[in-house]
Structure formats: structure tokens, C-alpha cells
Amino acid sequence: MAEGSASVSGEGLDVLLVDGALRPAKGGATFETLNPATEEVLGVAADGSAEDMDGAIAAARAAFDEGSWSSDPALRAHCLRQLRDALQAHGDELRALTTAEVGAPAFLTSGPQFDVPVADLSFAADLAESYDGWRVDLGEAAPMGIPSRRWVLREPAGVVGAITPWNFPHQINLAKLGPALAAGCTVVLKPAPDTPWCASALARIAAEETDLPPGVLNVVTSSDHSLGAQLSGDPRVDVVSFTGSTATGKAVMRNAAEHLTRVFLELGGKSAFVVLDDADVTAAASTAGFMVSTHAGQGCAITTRLVVPRARFDEVVDAAAATMAGLAAGDPTDPGTICGPLISARQRERVEGYLQLARDEGGTFACGGGRSERFDRGYFIDPTLVVGLDNSSRVAREEIFGPVLVVLPHDGDDDAVRIANDSPYGLSGSVFSADPERAWRVARAVRTGTMSVNGGIWYGADVPFGGYKQSGIGREMGVAGFEEYLETKAVAEGI
Ligand code: NAD
């Protein structure tokens, strides 16, 4: 049985951050947060109400309209660096908290689950000071015969409603509030009900250890999803920045349409890992098997369709199955664990539903196929390799969000691209070939927001991330991610 993280203390994490004050939810309401590896209750978080959300939006609006935040990039850079330093100073406790609440394998907390997004606040802080697009001189012209000098100004967009999921809470919370705050916006963060403490720890540190002015950052934890709908439909919000499932993204867009609020959406994926016939198939298959097992496959950009040359199908299946069988689900506190638990009983049911569907559709499992036998508690599913289905099956088309990889045969490069593109999603992808030119041709032809060629890693603070098709609208991170939080104003002066 997983040891869990008995040492994690939730002291002081049952609070909201509203208008600079750490305070309980209205009426003192709380809800439980669980350890998905042990099913134990870790403690309680503040259960924010519609009234709490209303107060947070009002505070963010006032801080934007009445304070100096939007016009003081030096203060913004200073506060973001303070936040980075303070989070780093609390690194040990926050890494343990992340493993306990998210079930994130410990090895990931020194990477994208904590250390990397915290360090990436430097990129946002630097941009606040160095961005060269604030005022661009277009020079003189005489439209309609009137001599004029023209400028393009970029201005902070206003109040940002940030709505986030549970799978990489620090990464996604910080990838939104870092650039939004750097751009001069104020923020209301509504995290997922499954991981409230990751957000309330951030709130406490921001309130107690930085000079962020009151109202600039507000955090409202809640068990109630409707607070997300409230935030995305409120006319005082200028930009809704959402990460989550495609179905919820569509609901967010519908709500935001009421007031024509701008939306930025990072949604689901069903990305293809394409192996060409000249590739080192063993290396490619092992990489694909490792990727889908990591954090139990709970990553939107994980490649979950392995598209391989028909003639080398069995060879690839054997190599991927060998890798995945060696990565059986394990205690996330163990530094050697790659595949931890799923986040909740609900998510485990969903994944098990897809495993049953794979059987019903005629598929078989080359490894895995259900709950881990090593644990009598916790939401563990072993890495599973599905064969015998084609790309029209639901298991190959729908996002499962578990450690499940479907292997699909292709008949050449064009066919591989056709299969990769035959998806409602377009978030990520990967291609392996001994010939970089062939790999690049595939990388260009796949309609997706990010591509890895021969194992290259595209993730980084300076790299825009986002999706084509139903994987989203807009880009997070990079300069493009910062500009999501800006408005554009053209000014012309008669001369
Ligand atoms: P979800 O869509 O159920 O919830 C995400 C957030 O939206 C939560 O905070 C939730 O409370 C809130 N929410 C729920 N209903 C809402 C509504 N009607 N209006 C506004 N907000 C609402 O997703 P989840 O289960 O937390 O996360 C898993 C999903 O997120 C997966 O589908 C995964 O692919 C996706 N995801 C995408 C990315 C990306 O960057 N593209 C990153 C991580 C996760």
C-alpha cells in the first residue's frame, strides 16, 4: 500500500484570498481534499460560494481600475520575482503537498509539476520589463489627405478569470497568472475542486510573502463547478483563461459569449506518436510507452495513439509492452515511480469504462488492462497497451486521460499523417525517423500545436503551447502567451 504523505500539513490552507485578505469561505464552509494514492482525507479547503466569487471579481476589477498595477511594470516584475523566490523557499513542503494531493510522482515535482513552472516566473517577470511591443511607431502617412503619425499601443486587457484543472495544478495556475500579472492584468483564480490546496498554498504565500497589492490576485477554491460558470459569464471579467476538458471549454465559451468576453482555451488531446519505417522502432516504442505511463497518462499533450509501420507492428508492440510492463503503477512518494494513481474514483471509473469499451470494440491488451494488483487502496491503473482496434474506434478517438496507449498500423508516411490528422483534436504529436527530412515533412503535415521530432522536448517558458481544432483557442507561454493578456489600441496624431 502506498505510504502517502502523512507528513503533509494543511495548516492554514482552508482559506480564500480575496482583496488581499486570507479568509474562510462565507459561513465557514469547507470541503475535503483527498490523497489519491491512499484515499485518505488530507484535510479541508475553503468551499467558496457565489458570494465569495462575486467579492473576488469586484476586488480584481477595483485593483485594475483604481490601482497603479496596470501602469507599473517594475512593481509587477518585482512581485513576480518575490513570488518565485517564496515558492522556491517553500519547495520541500510544496513538492510533498503536490505528491500527496495530486498523486504526482515525486520525480515530476522537481520538473513540470513544481520546480520548472516556479522558475518560469522569471520569464514572465522579465517580459514585464523588456517587452518591446508596448508602443510601436508606424511612422507618418496621410490617409484621406490628412498627415498623421500613427502608433500601435498594447495595453493590459483587464480582469482575467483563470479556471484550471487538477492534473498539473502548479504548472497551469502559474502559466496563467504569471503572464497575466506580468501584462498588468488582475486575476481571479478558480482551481479544480480535486486540488484546492495547491492553489491555497500559492494564495497564502502570495499574500504573506510578496508585495502584490490587494485585489491583484484572488484565489477562490470551491467544490462547486458552477463558480467557474459564474466567473466566465461575469461582465466585469475581460479575459477568461481556461484549461480543462473540451466539453467544459465549450460551456465556458457559451457563457463568455453573453458579454463577448475574450476566451483563451487549452483543451483536450488525442495526440499521435508516428513511427516511420526507417526509425529505431525499439527506441521509439519505449519512448511512447514511457510518455503514456508518466503521471498515469493524465496530461493533455501526452501521445496516446502509437501509429506504426504495418510491417513492424509486432516488433513495436513487444517493445512498448516491455517498457510499460516495467512501469507498473507505484507509490508516488517513491522517487523511482513513473506511473502514480489517477486523481479520483470518478476518473478511475472513466478509465475502466474505456478499457471495457476497448474489449467490446474487439481490442486486446498487450499489457495492463485494469487496476493494479499491488494496491488495495488508491486509484491505481497499470499502463495498458491496446491492440486490434483501428482509428475509427472510440478508444482511438476519445480522450481517456489514463495510462492507455492504442497501437494503430500505417501503410507509409502519407497514411501515417492521414491517421494522425483523423482526430477532432490537434494538441501535440511526435515523429521518429532515421531521416530528419522525412520526420520534418510529417511534423509540418500534422495539424497540431506542438510536435516533437526524434524525441525533442518543446516544453519551455519561451515556447507557445496550445491546440488546433477542438484542442483550443490561443496560446499559453512564450511571448504569444503574454500577448493573450493584452489589448491593442491604435493612436494617430495629426501633424
Ligand atoms: P474539467 O473541464 O472538468 O474542469 C476544469 C475546470 O473547469 C475546473 O476548475 C472545473 O471546476 C471548471 N468547470 C467545470 N464546469 C465548468 C463550467 N461549466 N464553466 C466554467 N468552469 C467549469 O477538467 P478536469 O477534469 O479538471 O481536467 C481534465 C481535462 O482537462 C482533460 O480533458 C484534459 O485533457 C484537460 N486538460 C487540458 C490541458 C491543456 O493545456 N490543453 C491541460 C490539462 C488538462
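**Stop 1: an open sheet**

Select β5, β6 and β22 in this predicted model. These three strands make an open sheet, ordered β5-β6-β22, with antiparallel pairing. Which strands sit at the edges? They are β5, residues 135-141, and β22, residues 486-494. Each of the two pairs on one side only. Now look at the twist: from one strand to the next, it averages 20°.

To see a bridge pair, pick Glu140 and find its partner in β6, which is Arg149.

**Stop 2: a hairpin**

Move to β3, residues 30-34, and β4, residues 41-46. How many bridges join β3 and β4? There are five, and the pairing is antiparallel. Click on Thr30: Ala46 in β4 stands opposite. The two strands form a hairpin, with six residues between them. Select Glu39 in the turn. Its phi is positive, about 65°.

**Stop 3: a link across the sequence**

Arg377 is partly exposed, with a relative accessible area of 28%. Glu40 is partly exposed too, at 40% relative accessibility.

**Stop 4**

Select helix α1, residues 50-66. Show the side chains of Arg61 and Asp65. They form a salt bridge, and the closest N and O atoms are 2.9 Å apart. Both residues belong to α1 and are four residues apart, about one turn of the helix.

Is Arg61 buried or exposed? Arg61 counts as buried, because its relative accessibility is 18% and the cut-off for buried is under 20%. Asp65, at 48%, counts as partly exposed.

**Stop 4: helix to loop**

Select Glu352 and Arg371. Their side chains meet in a salt bridge, with 2.7 Å from N to O. Glu352 lies in helix α13, residues 345-360, and Arg371 in the loop between β14 and β15. So this pair ties together parts that are 19 residues apart in sequence. Check the surface again. Glu352 has 24% relative accessibility and counts as partly exposed. Arg371 also counts as partly exposed, at 47%.

Now select four residues at once: Asp277, Asp278, Asp413 and Arg438. Salt bridges that share partners join them into one network. How many salt bridges does the model have? The count comes to 27.

**Stop 5: colour by confidence**

Finish by colouring the chain by pLDDT. The mean is 97, and 99% of the residues reach 70 or more. Then zoom in on residues 1-6. Here pLDDT stays under 50. For this stretch, the model has 20 contacts beyond four places in sequence. Why be careful with such a region? Where pLDDT is low, the predicted coordinates should not be read in detail.

Methods
Residues are numbered from 1 along each chain as its sequence is written. This is a predicted model: local features need pLDDT of at least 70, side-chain atom pairs count only at pLDDT 80 or more; totals for chains, interfaces and linings use all residues. Side-chain values use heavy atoms; hydrogens and water are left out. Two strands pair if DSSP finds at least two bridges between them. Axes are lines fitted to C-alpha atoms, for helices over the stretch in contact, and angles run from 0 to 180 degrees between N-to-C directions. Buried means under 20% relative accessible area, exposed over 50%, partly exposed in between (1.4 Å probe, protein chains only). pLDDT is the predictor's confidence in each residue, from 0 to 100. Contact means heavy atoms within 4.5 Å.
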